[in-house]
Amino acid sequence: MHYVLHYGQITPYIPYLLGGVLISLALSILSFAGGMVLGLVFAILRNEGGAAASRFVRGYVAFFTNTPQLVQIYVIYFGLPDFGILFTPFMAVLIGMTLNAAGYLTEILRAGLASVHAQELDAAETLNMSRLQTLRHVILPHLFRVTMPALTNQYILMMLGTSMAAIFGVEELTGRAFNINSTTFRSIEVFTTVAAIYVVVTFLATILLALFSRWAFRARVPVI
Amino acid sequence: MKLLTWMGRLAGLACLLAMPAVAQAHSLDQILSSKTLVVGINPNLPPLGSFNSQNKIQGFDVDVANKLGQMLGVKVKFVQVNSADRIPFLITGKADLMMGALTRTPARAKVIDFSVPIQTEALSALVKADSSFKTIADLNSKKVRLIEVRGTTPVDYVKKNLPNAQVTLFDNYPDAVRAFEQGRGDAIIDVVDYLGIYTKQYPAKLRVMTDKNVEVDYDCIGLAYGNAALKSWVNVALYQLEKDGFLPATYKKWFGMNMVYPVPAQPYF
């Protein structure tokens, strides 16, 4: 094989690729935030809500964790327009990723809730804390402290999962790589460059999240 | 020593016997007397050629070749080719006629002969019938959303001629057409003929806008260089088929639409 690598042909596209990173980050951060809110509500509903709410949450989690995210976004992107609901590519992917993330985050957060010690809850009751106060001052700090490693993992997976958006015409990092590949045909150079960018981004994200959880929840997680 | 010489001679003879006979293209006379016309078809190029559920090749090219065979009164034998095989198969006589959207170019005309064109390939714009666009130039606006397939030539055309339009890229034609039909874009620029097989699955009324300055590729039936009698027969037959409506009807049957840049019947060649 006599293939000569020409990374020089890719360097003019680096700013274009970095623009794609911003879109990937926007997608992953927004959908993670949305998934956290939904997931927290679902996890509390599952534990504290009635039988019907609990059954709904169980069904939701089973559905969204047992079907591929790609298929879920396909339904939103190509299926819903047949019923007159038309989302832009970015919105469709964002909604799909949020709903998917909610499924996984519900389970992670539920595990966190289950790990709160009964004695701490008793202590809160003894101090005459209301249920909301207990949630705010006892349960949530404990929850995030315990689940931070799993949440970080989930975020990294979602960040990498944004590459799926390329299929739906969102020009994030992978989509832009496809575009460059289709004009330069330098597949090895383009995709190894993009892989390196993903590594740097996820590595930085891991460090930042670890520092954040040490600062905010005094979680005992290693930074590197 | 003598034994070695003999072994050499034997080896040489074996090579001679094993060498494939140099195939010659069949002349019109040979085709008529052998009652077989060999036609090259690309089975991976729908709607020109593809395998049906019985694993038989079908398509526009197949129908045209069968019609030509019927007019000649001979049996048609198909050989499968891919795009790169087309010219070598003619040169080595593995096929008498070559189909498969063979575009006429000066470089190819140095080594093979071409019939009159049977099909054109050129970029045009597909829009909804009730849209307000009148010409392709109207699409060059910031408000226009185009849908294209990644890595295809129209992407370059759009960059050059319609730089203001917003472009959404998809990875395949079914997804691109579906997105267009669902209203995610105002137009698709492509060789619209090949989109007919996808657009006919949707109810929306569509309209095609042509560009008179666009480069039109003429696809012809290829023949071996200098196969003169067969070439003139094919040209006469194609004039007949164009004039009596067989070619336009067959085109519409397979492509699901009329040819965007139509080929007129050619009485002179």
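Mentor: Here is a chat about helix packing, the chain contact, salt bridges and some backbone details.

Trainee: What should I know before reading the values?

Mentor: This is a predicted model, where local features need pLDDT of at least 70, side-chain atom pairs count only at pLDDT 80 or more, and totals for chains, interfaces and linings use all residues. Residues are numbered from 1 along each chain as its sequence is written, chains are lettered from A and ligands numbered from 1 in the order in which they are written, and side-chain values use heavy atoms, leaving out hydrogens and water.

Trainee: Thanks! At what angle do helix α1 and helix α7 of chain A pack?

Mentor: Helix α1 (residues 14–48) and helix α7 (residues 173–184) of chain A pack at about 150°, and their axes are 7 Å apart. Helices here are DSSP runs of H or I with at least four residues, strands are E runs of at least two, and both are numbered from the N terminus. The axes are lines fitted to C-alpha atoms, for helices over the stretch in contact, with angles from 0 to 180 degrees between N-to-C directions.

Trainee: And how are α1(A) and α7(A) oriented to each other, parallel or antiparallel?

Mentor: Roughly antiparallel. That label is for angles over 145 degrees, while under 35 is roughly parallel, 65 to 115 roughly perpendicular and the rest oblique.

Trainee: Which residues meet there, in α1(A) and α7(A)?

Mentor: From α1(A) there are A:Y16, A:L17, A:G19, A:G20, A:V21, A:I23 and A:S24, and they meet A:L173, A:R176, A:A177, A:N179 and A:I180 of α7(A). By class, the contact of α1(A) with α7(A) has seven nonpolar, four polar and one charged residues. Nonpolar covers Ala, Val, Leu, Ile, Met, Phe, Trp, Tyr, Cys and Pro, charged covers Asp, Glu, Lys and Arg, and the others, Gly among them, are polar.

Trainee: Switching topic: how many residues does each chain, B and A, bring to the contact?

Mentor: Chain B brings 13 residues and chain A brings 19, with contact meaning heavy atoms within 4.5 Å.

Trainee: What area is buried between chain B and chain A?

Mentor: About 1200 Å², with carbon and sulfur atoms giving 47% of that. Buried area is the accessible area (1.4 Å probe) that two parts lose on being put together, summed over both. On chain B's side, B:R150, B:Q182 and B:R184 supply 48% of the area that chain B buries against chain A, more than any other three residues.

Trainee: How many salt bridges cross the interface of chain B and chain A?

Mentor: Zero by the rule, which asks for a side-chain nitrogen of Lys or Arg within 4 Å of a carboxyl oxygen of Asp or Glu. Over all chains, the whole structure has seven salt bridges.

Trainee: Which residue does A:R131 pair with in a salt bridge?

Mentor: A:R131 pairs with A:E48, and their closest N and O atoms are 2.0 Å apart. The pair links distant parts of the chain, with A:R131 in helix α6 and A:E48 in helix α1 of chain A, 83 residues apart. A:R131 is exposed at 64% relative accessible area, and A:E48 is partly exposed at 48%. Exposed means over 50% relative accessible area, buried under 20%, and partly exposed in between (1.4 Å probe, protein chains only).

Trainee: Where do A:R110 and A:E107 lie?

Mentor: Both are in helix α4 (residues 89–114) of chain A, three residues apart, about one turn of the helix.

Trainee: Now the backbone. Which residues does the cis peptide bond in chain B join?

Mentor: B:P46 and B:P47, with omega about 5°. B:P47 sits in the loop between β1 (36–41) and β2 (50–51) of chain B.

Trainee: What is phi of A:N128 near?

Mentor: Phi of A:N128 is near 60°, a positive value in a residue other than glycine. A:N128 is in the loop between α5 and α6 of chain A and is exposed, at 67% relative accessible area.

Trainee: What does A:M129 touch?

Mentor: Leaving out residues up to four places away in sequence, A:M129 touches A:A124, A:T134, A:H137 and A:V138. A:M129 is partly exposed, at 26% relative accessibility.
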